Structure formats: C-alpha cells, structure tokens
Amino acid sequence: MSSDVVVELDGVRKCFGPRVIFDDVSLSVHRSEVVAVIGPSGAGKSTLIRCINQLNTFEKGVIRVLGHEVYGTEEGRPPLRRDDLRRLRTEIGMVFQTFNLFPHLSVMKNVMLAPQRVKGRSEAEAAAQAQELLEMIGLSHRKDAYPRQLSGGEQQRVAICRALAMEPEVMLFDEPTSMLDPELVGEVLAAIRRLAVDGMTMILVTHEMMFAKEIADTVVVVADGGIAEMGPAKEVLSTPKTERARSFLERVLLHTGGDTGPQAAASEGGFDAASGGFDDPTLSWSREVDEKGLR
C-alpha cells in the first residue's frame with residue numbers, strides 16, 4: 001500500500017447468508033481525499049463502510065487501514081486481535097444516520113466521554129478539547145443542553161464533534177443527513193465541508209448528489225453487487241461512462257425534478273450532461289450557513 005494511501009480495499013466480498021451484497025470491490029483512498037459513495041438503496045453502501053472499521057465482517061479479500069490488515073473470514077487468516085481492533089476503531093471516526101448520543105449526558109459530557117474512557121485524558125483536557133470542537137461547529141452555547149433539547153441538525157453536529165474528539169485520521173459518514181428535515185441539512189453539510197477544507201480524509205455515503213459534486217474528489221457508484229463506476233466527482237456526476245451509473249443518476253433526477261431535459265435540469269436541479277450534470281440552486285444555502293457561521 002502506497003504511503004499516502006490510508007484505506008485500501010482489495011477484492012472484498014460481503015454476504016448476508018446466501019445473498020451476495022457486493023463482490024470483488026477494490027478501492028484506494030489517499031490521505032486528505034474525500035470519497036463520496038452513492039448508489040441505489042440496498043446496494044450495500046453502508047455495509048461497505050462498516051466493513052472498513054469492522055462493524056461488519058466480510059468473507060473474501062483484504063482491507064488495509066492505516067497499517068492494519070483485516071482479512072475476510074474465508075481467507076484462512078486470523079482475525080484482528082482485540083487490542084488491534086480497538087486501536088483501529090480509535091483511528092477511524094464514524095458518524096451514523098441516527099445520532100446515538102447518550103440521552104442522560106449533556107452535550108459537553110457526550111463529547112468528553114470517549115477521550116476520557118479510551119484515551120485516558122483528564123477531565124480538564126477533555127473539557128478543553130470539547131469546548132474547542134463545539135466552538136468550531138458553532139454549538140459552544142449549547143454545551144450544557146441535553147440531546148432531547150437539541151434539533152436534529154444540532155444533534156448530528158454533536159455526533160460529529162464526538163467522533164472528532166478521538167482525533168481520528170479517517171472519518172466515515174453513513175448518510176449523515178438522511179434523518180434530518182430538509183431545512184436542517186445545510187448546517188450538517190457545512191460542518192462536513194469545513195472538515196474537507198481542513199484536509200480530513202473522509203468516506204461519505206450520501207444521497208446529497210450536489211454536495212458530493214462540490215466537496216468530493218472521487219465518487220464511487222455502488223450498484224448491482226459491485227462498483228458500477230468510479231472516478232473524479234465532477235466527471236462521474238456530469239458525464240457518467242457506464243449505463244448503470246447513468247441510469248441511476250437519471251432516476252435521481254426523475255425523483256427530484258421530473259423532466260430530464262436541459263431546461264428542467266437548470267431550473268429544478270438535477271442531472272444533465274449537456275449543462276454540466278448536477279446543479280442545485282439550493283446548495284448556496286448551505287454555503288451561506290458555513291460563511292455566516294454554524295449557529
């Protein structure tokens with residue numbers, strides 16, 4: 001694995017019982033690269049990134065992450081030792097669709113908990129770090145609130161802070177906006193955009209196509225049991241080369257906009273190769289949130 005490749009999947013196969021979810025998946029992610037994983041529901045996008053930090057095992061192939069090697073269960077190699085698995089998961093942060101905050105802890109305590117318990121940080125050290133992270137995403141004024149007192153967007157931003165508190169080298173996002181009302185999506189996307197600007201390596205499963213086109217370096221289209229297409233984000237989302245990727249993106253347009261012609265794509269937001277692929281006039285709102293500060 002090249003020194004600047006931090007995540008590498010080589011011939012990975014995942015099954016649930018007799019059903020093959022995906023097979024022969026190979027992918028390399030370089031340091032500071034942002035990779036967006038898109039595709040139809042049920043294609044295995046979330047399962048794919050859960051294999052990276054071993055929340056799901058897999059049957060064939062090998063996944064190399066930050067110097068760790070994880071082999072499929074049918075490869076005849078021993079699994080990671082418990083200590084190595086724990087170390088792997090401390091180096092990879094993950095943000096889920098659901099927020100998974102501890103309801104009985106304040107925002108501040110939610111962010112402080114893992115660094116204290118796992119990394120042995122003192123309360124003062126953990127509190128200083130949590131304060132800095134909350135300030136970064138514009139939630140320092142909510143540090144004493146409890147999850148039930150927060151909006152969905154605020155809870156997801158706290159979940160991002162909690163993952164960052166472990167100082168991971170790679171961040172995995174599993175459809176982080178899928179549980180949010182549309183008006184709350186922008187503030188979460190702005191937080192992710194800030195991480196991209198800061199050089200965080202990220203793998204992002206998302207249905208936010210326009211956002212993927214804006215921040216991702218690489219787009220991976222997962223469909224029909226494997227990678228249907230992979231390449232530079234703007235190329236894949238503007239001029240997909242494979243019929244499967246093209247049909248998926250056209251379906252996304254039909255779901256969000258109706259007509260597939262150039263005028264509809266320009267006015268509604270959607271996929272149109274002639275006019276440059278995806279274009280969404282509402283994306284400027286999340287930029288505005290970012291420019292004005294996350295409040």
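## A buried asparagine

Asparagine 53 has a relative accessibility of 4% and therefore counts as buried; buried means under 20% relative accessible area, exposed over 50%, and partly exposed in between, with a 1.4 Å probe and protein chains only. The model is predicted: local features need pLDDT of at least 70, side-chain atom pairs count only at pLDDT 80 or more, and totals for chains, interfaces and linings use all residues. Residues are numbered from 1 along each chain as its sequence is written, and side-chain values use heavy atoms, with hydrogens and water left out.

Asparagine 53 is located in the loop between α1 (45-52) and β4 (60-65). Helices (H or I, at least four residues) and strands (E, at least two) are DSSP runs, numbered from the N terminus. Beyond its neighbours within four places in sequence, asparagine 53 is in contact with Leu85, Leu88, Arg89, Ile92, Met94 and Leu172, where contact means heavy atoms within 4.5 Å. Leucine 85 is 32 residues away from asparagine 53 along the chain, yet their C-alpha atoms are separated by 8.2 Å.

## The protein as a whole

The protein has 11 helices and 10 strands. Of its 295 residues, 54% are buried. When contacts between residues at least 6 apart in sequence are considered, 63% of them join residues at least 24 apart.

The accessible surface comes to about 13,500 Å², and carbon and sulfur atoms account for 48% of that area. Such areas come from the Shrake-Rupley method with a 1.4 Å probe; for residues, only the protein chains shown count as cover.

## The four-stranded sheet

An open sheet is formed by 4 strands in the order β2-β1-β4-β5, with antiparallel pairing. Two strands pair if DSSP finds at least two bridges between them. Strands of a sheet pair through backbone hydrogen bonds, either parallel or antiparallel. At the edges of this sheet stand β2 (19-30) and β5 (68-71), each of which pairs on one side only. On average, neighbouring strands are turned by 15 degrees against each other, direction ignored. Axes are lines fitted to C-alpha atoms, for helices over the stretch in contact, and angles run from 0 to 180 degrees between N-to-C directions.

Strand β1 (residues 5-16) is joined to the antiparallel β2 by 8 bridges. Within this pairing, valine 5 has histidine 30 of β2 as its bridge partner, and valine 12 stands opposite valine 25. The two strands form a hairpin with 2 residues between them, and glycine 17 in the turn has a positive phi of about 65 degrees. Strand β1 is also joined to β4, by 5 antiparallel bridges; here glutamate 8 stands opposite arginine 64. Because 9 of its 12 residues are buried, β1 is largely enclosed by the rest of the structure.

Threonine 47 belongs to α1 and is buried, with a relative accessible area of 13%. Not counting residues up to four places away in sequence, threonine 47 touches Lys14, Phe16, Phe22 and Asn56. Helix α2 (residues 82-91) lies across β4 and β5, running at about 115 degrees to β5.

In helix α5 (residues 152-164), 13 of 13 residues are buried. At 1.5 Å a residue, these 13 residues should span 18 Å, and the end C-alpha atoms are 19 Å apart, which agrees. The expected span of a helix is 1.5 Å times one less than its number of residues.

Just after α6, glycine 199 takes a positive phi of about 90 degrees.

## Nonpolar cores

A nonpolar core is a set of buried Ala, Val, Leu, Ile, Met, Phe, Trp, Tyr and Cys residues joined through side-chain atoms within 4.5 Å. The largest has 53 residues, and those with the most contacts inside it are Ile160, Phe173, Ile192 and Val219. Helix α6 gives the most to this core, with 7 residues. Apart from it lies another core, of 30 residues, among them Leu27, Leu48, Leu66 and Leu88.

Leaving aside neighbours within four places in sequence, valine 219 is in contact with Ala36, Ile38, Glu229, Met230, Gly231, Ala233, Val236 and Leu237.
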